[in-house]
Amino acid sequence: MISSPPSGDPFGAEHEALLSALRRRLRAAGWTQAEMAEKLGVGTATVKRWLHGKGISLRTLSQLCALANMTLTELAEHCAVESRPDDRLTLAQEKALTASPDLSTVFFVIVNGWPVSEAEAGFGIPPEQIVHYVERLERLALVDRLPGGRLRARLDPAHVWRREPMRRHFEKHMKHLFFKLDYGNPATIFGVETLKLSPVGVARVAERIERFRGELRDIAQEDRRASVLPGEWHAILAVACPTAPSKS
């Protein structure tokens, strides 16, 4: 493990990811710590400390990058690509994720950038269960642990859930939230339009719904930064379906 970056660390928040990527590139290039020590004229223990972020300077980092046949800039770019959230899940991951409502809740809390404690505060999941679910998500390669105990999801929040496992999960655990609403209550927020659409128009509506999801995430992030009022979780559904002609 790499220790958290000390105050004034030149690598900042990218400290751990940069060094992890560098170690992988050096191993791929065939370097051992002993060989690197001999090449740089230092002891093996010093190289080991450097590779774990202790006492390493930008100059030394550049020298290690050179051994891996890359520049410091290339290392940073490589690290950025590796750390970018994915927009794909394997079918096995999706099935495992949707097998437990609480597991999927903990994951969605992390995907949305909230501390995992929000799974208890917002959804009542016991802390000991949250610990178990986080470990499960790690084994599924769905989250990474970051310095300071933070967690990062390996999935882009804009991921489009179209496969059967998440559709079944919504059918079983989420749909009832919208059917039990009192749509006559002025406090209920909804909008509805009835339109005649060709298949091309339907496709455009589907695209607009995905853009709408992005706008909702932007609203949530701005609200989190600016609001001084307490918040609560809301489920928001955008859906389009064909209407059957009346039989009466």
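Me: Let's take buried to mean under 20% relative accessible area and exposed over 50%, with partly exposed in between. What share of the protein chain's 248 residues counts as buried?

Reply: 26% of them. Keep in mind that this is a predicted model. The protein chain exposes about 16,900 Å², and carbon and sulfur atoms supply 55% of that.

Me: OK, and what does the secondary structure come to?

Reply: 12 helices and 2 strands. Going from the N terminus, the order is α-α-α-α-α-α-α-α-α-β-β-α-α-α.

Me: How much of the contact count comes from residues 24 or more positions apart?

Reply: Taking contacts in the protein chain with a separation of 6 or more, those pairs account for 62%.

Me: Let's go inside. Which residues touch the most other members of the largest nonpolar core?

Reply: Leu97, Val106, Phe107, Leu137 and Leu142, out of 22 residues in that core. Helices H6 (91–98), H7 (101–111) and H9 (127–139) each put in at least two residues. H7 gives the largest share, with 6 residues.

Me: And what does Leu137 touch?

Reply: Leaving out residues up to four places away in sequence, Leu137 touches Leu97, Leu103, Val106, Phe107, Ile110, Leu142 and Val143. There's also a second, separate core of 18 residues, with Leu22, Leu26, Ile56 and Cys65 among them.

Me: Switching to helix H3. Which of its residues are buried?

Reply: In H3, residues 44–51, the buried ones are Thr46, Val47, Trp50 and Leu51. They sit on the same side of H3, because they cover an arc of only 135° around the axis. Just after H3, Gly53 takes a positive phi of about 80°.

Me: Now salt bridges. How many does a search of the whole structure find?

Reply: 8. One of them joins Arg225 and Glu222, with the closest N and O atoms 2.6 Å apart.

Me: Where do Arg225 and Glu222 sit relative to each other in helix H12?

Reply: They are 3 residues apart in H12, so about one helical turn separates them. An α-helix has 3.6 residues a turn, so residues three or four places apart point the same way. Arg225 counts as exposed because its relative accessibility is 60%, while Glu222 is partly exposed at 41%.

Me: What does Asp144 pair with?

Reply: Arg152, with 3.7 Å between the closest N and O atoms. Asp144, Arg152 and Arg154 are linked in a network of salt bridges.

Me: Is Asp144 buried or exposed?

Reply: Buried: its relative accessible area is 18%, and the cut-off is under 20%. Arg152 is partly exposed at 30%. Glu138 and Arg145 form another salt bridge, at 2.9 Å between the closest N and O atoms. Glu138 is partly exposed at 30% relative accessibility, and Arg145 is partly exposed at 44%.

Me: Where is Gly149 then?

Reply: In the loop between strands S1 (143–145) and S2 (151–153). Gly149 is exposed, at 59% relative accessible area. Its C-alpha is 10.0 Å from that of Val116, 33 residues away along the chain.

Me: Last one, the surface. Which residues make the nonpolar patch of about 400 Å²?

Reply: Leu181, Tyr183, Phe190 and Val192. Tyr183 is in the loop between helices H11 (175–179) and H12 (199–226). At 39% relative accessibility, Tyr183 is partly exposed. As background, in soluble globular proteins nonpolar side chains tend to be buried together.

Terms used: Residues are numbered from 1 along each chain as its sequence is written. This is a predicted model: local features need pLDDT of at least 70, side-chain atom pairs count only at pLDDT 80 or more; totals for chains, interfaces and linings use all residues. Side-chain values use heavy atoms; hydrogens and water are left out. A nonpolar core is a set of buried Ala, Val, Leu, Ile, Met, Phe, Trp, Tyr and Cys residues joined through side-chain atoms within 4.5 Å. Buried means under 20% relative accessible area, exposed over 50%, partly exposed in between (1.4 Å probe, protein chains only). Helices (H or I, at least four residues) and strands (E, at least two) are DSSP runs, numbered from the N terminus. Contact means heavy atoms within 4.5 Å. Patches are made of residues with over 30% relative accessible area and no salt bridge: like charges are joined within 9 Å, nonpolar side chains (Val, Leu, Ile, Met, Phe, Trp, Tyr) within 5 Å. Accessible areas come from the Shrake-Rupley method with a 1.4 Å probe; for residues, only the protein chains shown count as cover. A salt bridge is a side-chain nitrogen of Lys or Arg within 4 Å of a carboxyl oxygen of Asp or Glu. The arc is that of the directions from the helix axis to the C-beta atoms.
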